[in-house]
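Welcome, and please load the model in your viewer.

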Amino acid sequence: MSTPTPVSLETGLHTEYIRKQLVQAIYAADMSAAAIANPFDTDGNLVTIPTGYKAIGYTTDDGISFPSEVSMSDVTSSQSSEPTRSDVESDVLTASWSPQETNAATIAMYDGLPLSGAGALPTIGSAAWTWDRAKSGRNPFRRLLFIGLDYGDDGGEIYVVKHMPRARLTDKDDESWSRADPTTRPVTVTAYRDSTYGTSCRNWIDGPGWRALAPAGG
């Protein structure tokens with residue numbers, strides 16, 4: 001009788017696969033800007049952020065959250081105490097962050113201003129930044145780019161990227177003024193499907209550190 005091979009509970013465990021987003025960046029653009037086709041070159045290096053995308057800048061150390069609210073439609077039957085069928089009714093992706101900088105992008109996101117062209121705020125330091133609260137709420141769609149940076153064991157960069165080609169503000173918290181804390185204008189955006197791009201959010205993971213994880217020989 002053969003001796004059973006012991007099962008190791010360590011099989012399939014990889015500490016090198018545990019990721020953090022040590023640095024995060026958010027960029028916003030008007031819908032007139034081009035959607036992101038590929039944020040990486042052929043070697044996995046991050047390419048230059050396209051023209052028209054404005055940096056949100058520093059955010060609070062809560063970082064960025066991406067809640068996904070799923071609603072299910074259940075079929076119940078008299079012969080079962082559990083649903084006998086369940087289907088996704090809606091799956092809504094949002095993103096939330098609290099910017100710490102007062103710049104053109106953070107104000108535009110919070111108050112519905114364009115990021116470029118007529119009505120956009122000028123360069124920081126220009127005389128008299130002035131804008132009015134709209135009589136009827138302006139809430140334009142935006143293109144949003146989120147980039148997270150981690151490092152592999154060899155020190156190579158590992159990037160996690162999300163691109164929402166069509167998103168808009170759907171909630172915002174109070175603008176806060178304080179002696180102790182920076183002025184913040186927290187926002188929540190919802191991703192909507194872009195008919196040309198074909199999705200509400202495209203995701204990538206790449207970078208030299210990511211490629212270094214490939215098993216030897218392929």
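**Before we start**

You are looking at a predicted model, in which local features need pLDDT of at least 70 and side-chain atom pairs count only at pLDDT 80 or more, while totals for chains, interfaces and linings use all residues. Residues are numbered from 1 along each chain as its sequence is written, and side-chain values use heavy atoms, with hydrogens and water left out.

**Stop 1: the largest pocket**

Select Met-109, Tyr-110, Asp-111, Gly-112, Trp-131, Asp-132, Arg-133, Ala-134, Gly-137, Arg-138, Leu-169 and Lys-172, and you have the lining of the largest pocket. Its space comes to about 240 Å³. A pocket here is an open set of points on a 1 Å grid over the protein atoms alone, where a 1.4 Å probe fits and protein lies on both sides within 12 Å along at least five of seven lines; lining residues have an atom within 4 Å of a point. The volume is the space filled by probe spheres set on the points, which are joined across faces, edges and corners.

Now colour by secondary structure. Helix 1 (104–111) and strand 6 (157–172) each supply at least two residues of this lining, and helix 1 gives the largest share, three residues. Helices (H or I, at least four residues) and strands (E, at least two) are DSSP runs, numbered from the N terminus.

**Stop 2**

Next, select Gln-21, Gln-24, Ile-64, Phe-66, Phe-146, Ile-147, Gly-148, Val-160 and Lys-162, which line the second largest pocket. About 160 Å³ of space lies in this one. Strand 5 and strand 6 each bring at least two residues to the lining, with the largest share, three residues, coming from strand 5.

Thr-94 sits in strand 4 (residues 85–97) and counts as buried because its relative accessibility is 14%. Buried means under 20% relative accessible area, exposed over 50%, and partly exposed in between (1.4 Å probe, protein chains only).

**Stop 3: salt bridges**

Side chains of opposite charge can pair when their charged atoms come close. How many salt bridges does a search of the whole structure find? The search finds seven, each a side-chain nitrogen of Lys or Arg within 4 Å of a carboxyl oxygen of Asp or Glu.

Show Arg-19 and Asp-150, whose side chains meet in a salt bridge (2.8 Å, N to O). Arg-19 lies in the segment before strand 1 (23–30) and Asp-150 in strand 5, so the pair ties together parts that are 131 residues apart in sequence. Arg-19 is partly exposed at 24% relative accessibility, whereas Asp-150 is buried at 6%.

Move on to Arg-142 and Asp-30, a salt bridge with its closest N and O atoms 3.6 Å apart. Arg-142 is buried at 3% relative accessibility, and Asp-30 is buried at 13%.

For another, pick Glu-175 and Arg-185, with closest N and O atoms 3.6 Å apart. Both lie in the loop between strand 6 and strand 7 (187–191), so this pair ties together parts that are ten residues apart in sequence.

**Stop 4**

Switch to a surface view and select Leu-22, Val-23 and Tyr-151, a nonpolar surface patch with about 280 Å² of accessible area together. Such patches join nonpolar side chains (Val, Leu, Ile, Met, Phe, Trp, Tyr) within 5 Å, or like charges within 9 Å, from residues with over 30% relative accessible area and no salt bridge. The areas come from the Shrake-Rupley method with a 1.4 Å probe, and for residues only the protein chains shown count as cover. Tyr-151 belongs to strand 5 (residues 142–151) and is partly exposed, at 38% relative accessibility.

Finally, select Ser-176 and Thr-5: their C-alpha atoms are 62 Å apart in space, and the residues are 171 apart in sequence. Ser-176 is in the loop between strand 6 and strand 7 and is partly exposed, at 30% relative accessibility.
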